[in-house]
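Biologist: Could you walk me through this one and tell me what stands behind the terms you use?
Modeller: Gladly, let's look together.

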Amino acid sequence: MVGIVIVSHSKQLAEGVRELAAQMVQGQVPLAVAGGVDDAENPLGTDVMQVYQAIETVYSDAGVVVLMDMGSALMSAEMALEFLSPLQRDKIYLCEAPLVEGAIAAVVSAAAGCSIEQVLAEARGALIAKASQLGINISTSSISSVNQFQISQQPEQRFEEPLKKSTPKHHTKEIRMAVSNRMGLHARPAAQFVATSLRFQAQIKVKNLTKNTEYVRADSINQVAMLGVRHGHELAISATGVDADAALAALQALIENNFGEGDTPVRPEVHITPDETFISTAAPTLRGIPASPGVAIAPSLRYAAALIVRHQLPTVHSQQYYIENPEQEWQYLQNALRDAALEIEALLSQASTQIGDAEAAIFDAHLLFLNDPVILEALQHYIYVRHINAASAWQAVVEELTNQYRTHYDSYLRSRAADVMDVGQRVLRLLLGTAAAHLNLTTPSILIATDLTPSDTAQLDTSKVLGICTTAGSATSHTAIIARSLGIPAVVGVPEGILRVADGTVVALNGGTGNVWVEPSVDIITAIEAQREAWHNSEQKAFRSAHKNAITTDGRRIIVYANIGGVADAQVAMSMGAEGVGLLRTEFLYLDRTTPPSEEEQLKVYQGITQVLESRPLTIRTFDIGGDKPVPYLNLPSENNPFLGWRGIRFCLDRTELFKTQLRAILRASAEGNIKIMFPMIATVGELKAAKATLEEVQNELRQREIRFNDKIKVGIMVEVPSAVAIADQLAPEVDFFSIGTNDLSQYIMACDRTNPQVAGLADALHPAVLRMVQQAVKAGHKAGIAVSLCGELGSDPIATPILIGLGLDDVSLNPQAIPRCKKAITQLSFIEAETIVSEALKQDSAAKVRELLRTFKYS
């Protein structure tokens, strides 16, 4: 017989409905209730475990109908289903019928021996008799649609899965795949796995067969990460729904493609093996875990992040720990999550410039954390059911998740607790209105801290932070990974005595051995300096070939420039063998401040970079604000799709004073440096002519003031929107060069937002559609007699080097760390070979097949 469960915020109401229903059928129907919460001060609410126990009490193979009064009762019922086995879950039906009338109709129907479908139909039609008596014409379908609309408007339902319907079930499909990339599902591939899952309607679950785990939700970044999937582990992935086949096919392709990591080495997750050359005979003061190689010696500076802890959270928004308006509190949380996403997106953009997209993808996982449905469901329970304020709810959920990571059997996952704390503190700070702390160093120092978050580390000034020394952390933490990418020597896991070292004390460390010296003697300083010199010589030897010209085996030279975001990046670029700067992203001048940068401030930065480059070329892209680079003080309007909105040259042409200020600074810097100007986001000839007219106005102003500048400065454009490719033959005569921005071009061609993890995987620059557009732009530029460069992330992908050469590009501009590898690859193949590869690549029908083609290529 079908069982009935009644869920209500009020225990008395639930008991009353049960009593009324039981009298109608003399107790013949299995009937259970879950009402109220065990809280003397505030007994109204619903409890997940009560619902689960009620379902267990009346469960049978005939099925169970669950009726709920409102709002969070539905949420508790849905969460209770997660505690049931898949077999049981398929027989539980959440019904949207009105509680009292629906319960009466359901028990009467169940007592008559009706099927589950008939019981549901009777419950949903329970209002028809009452409506008829009142002279109201109403149908079962209209009742259902009205109730569904009301339910969908509940704030707590925004992130919930839809109500389970009594429609025929879709069969569950399953595939089994072995994970082949070297690091398994670390942050970046885990984020890609979740993002791919989110693209489909199907309910997708995954389990680690090798570790014999339970199935977890594929749309939860934390549940997927905690599977502990490593190289060689086998996964079982199941999907249920209308697009289950497509979902499984997409996930299969992602895994077969090694999550886009190809065969390139991934940073090892074991401790760095020290080079014996660098081991000093002088005993260290302290010893820790080597996390990032290199030697440093400088005055120390202690850094203590202002962590927000539980006892600071009794009162929020002038409300006590328990709140009366959960809808308002939920909105506070939504605002904080939105603002946190904006901050992380800005950090992701900055990190991509400094350390490359692959390492910056750490912050893609941070973004997914903010939308993890399991996290959101737990927050909904705290706020709507337990009536706890948003900050305390958030802190409780973060602490619980952090502890799960910290106690995980996998050492790699234990180090991910720092990422949870990083995101957790960011949102908590926004909820409490606490200002963000910034580390402002004035002199080169060794940074000493208990720990650094990935966000802290990504924003370090490498010219000021010469080394990092922490008491917590591991060599596999994201903080360590970022430090290695930035080239900052680091030792972690140092005894806590280091925290008592006074600021200004000379400290030395060897990031390759884990040795730390406090107030080293003259002899030790001499030895350490020798180590540093040896390290420097070793680095120079490793990159010596990178300072040679990149020439193919048949004599074609490809100039390799760097993409940078500041003076420090320029220094790194030169050490990596860059032949100049092909893209200076000037947005960094406008971010993390309250007013726009002045002309003098910009001039100083541009001159600083030209001094580092000496006579090498510097291409300065005028600022591209908007899209993934929000700037609050500019009061940009909210847009449904900022990537298709007021950004790039469109913004510059409307805010001409800001535009002219930057152009004046660039032109003044050109008097002494080899500088070129590049306009972003050009979509029409009219925009280009307007930008050039503004440039000419500024040039005339400087002439009138007798201020020197290069009046023959070269002007180019970013080719990054499809329209620019389509009219490249009209744009080319107006400029001196093209620079193809494959990051934006890919997302516009493929119609996907590359900052949206659900679709970002589509924005692959190796897709034949993108490659054909690049080829078209190259041909149009060369026909007009201008140089064509590429400055997108595609250039930093080592597997793509044959494509870059074969497309006929004159030069490429990469993230500095990718330059040595790219130059080496160029010298190992011929232009004829590269053209052949491109010809084959353009015939493929997907990015995955292009990558497979490139993996089969053997360098000569």
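Biologist: Where does Glu614 lie?
Modeller: Glu614 sits in the loop between helix H23 (599–613) and strand S19 (618–621). Helices (H or I, at least four residues) and strands (E, at least two) are DSSP runs, numbered from the N terminus. This is a predicted model, where local features need pLDDT of at least 70 and side-chain atom pairs count only at pLDDT 80 or more, while totals for chains, interfaces and linings use all residues. Residues are numbered from 1 along each chain as its sequence is written, and side-chain values use heavy atoms, with hydrogens and water left out.

Biologist: Why is Glu614 called exposed?
Modeller: Exposed means over 50% relative accessible area, buried under 20%, and partly exposed in between (1.4 Å probe, protein chains only). Glu614 has 54%, so it counts as exposed. Glu614 also has a positive phi of about 60°, although it is not a glycine.

Biologist: What makes Asn212 exposed?
Modeller: Its relative accessibility is 63%, so Asn212 is exposed. Asn212 lies in the loop between strand S6 (203–208) and strand S7 (216–217), and its phi is positive, about 55°.

Biologist: Why is strand S1 described as largely enclosed?
Modeller: Because six of the six residues of S1 (residues 3–8) are buried. Gly3, Val5 and Val7 cover one side, and Ile4, Ile6 and Ser8 the other.

Biologist: How do you know that S1 pairs with S3?
Modeller: Pairing takes at least two bridges found by DSSP between two strands. S1 and strand S3 (residues 64–68) are joined by five bridges and run parallel; Val5 is bridged to Val66 in S3.
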